[in-house]
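Take a walk through this fold with me.

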Amino acid sequence: MTSRITDGARGARGTAVQVKRATARDAKRLTRLIRASKAYDGRYAPMVAGYRVGPDYIETHRVFLAVDADDRLLGFYALVLDPPELDLMFVADAAQGLGIGRLLVEHMRGEARDAGLADVRVVSHPPAEGFYRSVGARWVGTRAANPPAVMWDRPELVFPIA
């Protein structure tokens, strides 16, 4: 499932969306997407202020992009295999509500299935919990705040894969 075009999600101009494996060259644009995310405005801003996705991270984990026909970044996710975790998932603000998040979760589940995983954990940004539940994750607990990096409790969920 390294690259495919889908009819389900559409880019801002109605073009088909392709999900493809990220390369080290994508590191800067992934970092920009994270730091610009309105989901991390206000009290959540410190968590992403200095965050950086490096080329080494992309080479170590399964990182996939959702891009439109012009290769504009619409979103991405990072799947860590051991232990199984959806480590990062972001959808560009301008692409919210277009089905990109659902497409990325569907793709992540396929990657996890191909890797033989039974489930994938996600420690969610609190405002994203409802989205994750709507695409099949189930709540399993709460991850306590870990100051100074994370100043708030976060929901922990699991995506069943098998």
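The buried residues of α1 pack against α2, α3 (55–60), β3 (62–67), β4 and β5. Those buried residues are Ala27, Arg29, Leu30, Thr31, Leu33 and Ile34. Buried means under 20% relative accessible area, exposed means over 50%, and partly exposed lies in between (1.4 Å probe, protein chains only). Helices (H or I, at least four residues) and strands (E, at least two) are DSSP runs, numbered from the N terminus.

This is a predicted model: local features need pLDDT of at least 70, side-chain atom pairs count only at pLDDT 80 or more, and totals for chains, interfaces and linings use all residues. Residues are numbered from 1 along each chain as its sequence is written, and side-chain values use heavy atoms, with hydrogens and water left out.

Look at arginine 29. It sits in helix α1 (residues 27–36). Why does arginine 29 count as buried? Because its relative accessibility is 18%. Beyond its neighbours within four places in sequence, arginine 29 is in contact (heavy atoms within 4.5 Å) with Leu65, Val67, Asp71, Arg72 and Leu73.

Glutamate 59 is exposed, because its relative accessible area is 60%. Its C-alpha atom is separated by 30 Å from that of alanine 144, 85 residues apart along the chain.

Now step back to the whole chain. It has five helices and eight strands. Along the sequence they follow the pattern β-β-α-α-α-β-β-β-α-β-α-β-β. The radius of gyration is 15 Å, close to the 15 Å that the globule rule gives for 162 residues, so the chain is as compact as a globular protein of that length. That radius is taken over C-alpha atoms, and the rule is 2.2 Å times the number of residues to the power 0.38. The C-alpha trace spans about 40 × 35 × 30 Å along its principal axes. Of the 162 residues, 46% count as buried. Among contacts with a separation of 6 or more, 61% come from residues 24 or more positions apart.

Next, the strands. Two strands pair if DSSP finds at least two bridges between them. Strand β4 (residues 73–81) and β5 run antiparallel, joined by seven bridges. A hairpin links β4 to β5 through two residues. Leucine 79 stands opposite leucine 86 in β5. β5 is mostly covered, with six of its eight residues buried.

Strand β8 (residues 154–160) is also mostly covered: six of its seven residues are buried. Five bridges join β6 to β8, and the two run antiparallel. Strand β7 (residues 138–143) also runs antiparallel to β8, again with five bridges. Where do these pairings meet? Glutamate 156 in β8 stands opposite valine 123. Glutamate 156 is also the bridge partner of glycine 141.

Finally, find the largest pocket. Its volume is about 860 Å³. It is lined by 34 residues, of which Tyr40, Met89, His125, Ala128 and Tyr132 lie nearest its centre. Two or more lining residues come from each of α2 (45–49), β5 (84–91), α4 (100–114), β6 (119–123) and α5 (129–134). β5 gives the largest share, seven residues. The lining divides into 20 nonpolar, seven polar and seven charged residues. Here Ala, Val, Leu, Ile, Met, Phe, Trp, Tyr, Cys and Pro count as nonpolar, Asp, Glu, Lys and Arg as charged, and the others, Gly among them, as polar. A pocket is an open set of points on a 1 Å grid over the protein atoms alone, where a 1.4 Å probe fits, with protein on both sides within 12 Å along at least five of seven lines; lining residues have an atom within 4 Å of a point. Grid points are joined across faces, edges and corners, and the volume is the space filled by probe spheres set on the points.
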